[in-house]
Amino acid sequence: DNQKQRTNCTMTSPQPHEDLIGKLAVEFLLEVREREGENAVLDVLEAVSSIFGGWDLVEYRRAFADKRVVPVKRAKLLAVELTQIISNLPIHFGLVLCRLAQPQISPGEQRETGAYYTDFRLARDLAKSFVACWPLNGKLVDPACGTGVLLVSAVLEISGEDPRCIKNLLRHSIFGCDLSKNALRGARIALGSLTDSIDTLCELDSHLLHQDSLIADSQIWRHYAPS
């Protein structure tokens, strides 16, 4: 029996700190996922991002042709409830969206693909470590950005949450790459919650690359993020 207990403990993944804090938000989206499928979660999170960012969800959907399963009206209704939950959390909403947008994968898939997501506390500490030496017109490239927790952290730290500075960073300084289309969509959702400009998000989206950064042609990186 003791051996069985030890085996079960080693097979159980530790629960992310964000999930412990945002238990209600996680449970809310689990219900959405069970009722309407994986893509429904990102549809609802887009609507949440539109509330925090202040942009029009219909216009956003026109700008980005992602596969969607939840109609705009229903996505907005669900988003209002989820936004209230997120607003009461002691974590910045942009970072919460990074966590909630993470694709659901099994421990086996994590080991096979190496898809491990960075804790928001580590991301904030990393961002603080380089913000003091951020150069004029600097660029931040995350070659395995996932849902953008490091990128969001960097934008918050560098900008001091100044809206004009955020727009400038999103347009010119933030670059990411990932193997997962859904993860990149999640990154755009999380970063989108920081601005009211869909034009800015369109510019940002051109800097979010769907490919393996380890085998990407160096010419691509020189084009998107020249030194």
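Both faces of strand β2 are covered: Ile174, Gly176 and Asp178 are buried on one side, and Phe175 and Cys177 are buried on the other. Buried here means under 20% relative accessible area, with exposed being over 50% and partly exposed anything in between (1.4 Å probe, protein chains only). In a regular strand, side chains alternate between the two faces of the sheet. Five of the five residues of β2 are buried, so the strand is largely enclosed by the rest of the structure. Strands (E, at least two residues) and helices (H or I, at least four residues) are DSSP runs, numbered from the N terminus.

All of this comes from a predicted model, in which local features need pLDDT of at least 70 and side-chain atom pairs count only at pLDDT 80 or more, while totals for chains, interfaces and linings use all residues. Residues are numbered from 1 along each chain as its sequence is written, and side-chain values use heavy atoms, with hydrogens and water left out.

The sheet around β2 is open and has three strands in the order β1-β2-β3, with parallel pairing. Its edge strands are β1 (140-142) and β3 (208-210), each pairing on one side only. From one strand to the next, the twist averages 10 degrees; axes are lines fitted to C-alpha atoms (for helices, over the stretch in contact), and angles run from 0 to 180 degrees between N-to-C directions. Two strands count as paired if DSSP finds at least two bridges between them. β1 and β2 pair in the parallel sense over three bridges, and valine 141 stands opposite phenylalanine 175 of β2.

Helix α12 lies across β2 and β3, running at about 170 degrees to β3. This helix spans residues 181-192 and includes arginine 185. Leaving aside residues up to four places away in sequence, arginine 185 touches Asn39, Leu42, Asp43, Glu46, Asp66, Lys67 and Arg68, where contact means heavy atoms within 4.5 Å.

Next come the rings. A search of the whole structure finds three aromatic pairs. The ring centres of tryptophan 55 and tyrosine 60 are 4.4 Å apart and the planes are at 15 degrees, so this pair is stacked. For tyrosine 60 and phenylalanine 64, the centres are 4.8 Å apart and the planes are at 55 degrees, so this pair is tilted. The criteria: rings of Phe, Tyr and Trp (its six-membered ring) pair if their centres lie within 6.5 Å, and planes under 30 degrees apart count as stacked, over 60 as edge-to-face and the rest as tilted. Trp55, Tyr60 and Phe64 form one aromatic cluster. Tryptophan 55 and tyrosine 60 are both buried, and phenylalanine 64 is buried too. The charged end of arginine 188 sits over the ring of phenylalanine 64, 4.0 Å from the ring centre; for this, NZ of Lys or CZ of Arg must be within 6 Å of the ring centre and within 35 degrees of the ring normal. Serine 50, in helix α4, is buried with a relative accessible area of 9%. Apart from residues up to four places away in sequence, serine 50 touches Trp55 and Leu57.

Aspartate 56 lies in the loop between α4 (38-53) and α5 (57-63) and, at 37% relative accessibility, counts as partly exposed. The side chain of aspartate 56 reaches the backbone nitrogen of valine 58 at 3.2 Å. Aspartate 56 is 140 residues from aspartate 196 in sequence, yet the C-alpha to C-alpha separation is 8.7 Å. Glutamate 161 sits in the loop between α10 (149-159) and α11 (163-172) and has a positive phi of about 65 degrees although it is not a glycine. At 46% relative accessibility, glutamate 161 counts as partly exposed.

How values were computed
A polar contact is a pair of N or O atoms within 3.5 Å; within protein, one must be able to donate a hydrogen and the other to accept it, and residues adjacent in sequence count only if both atoms are side-chain atoms.
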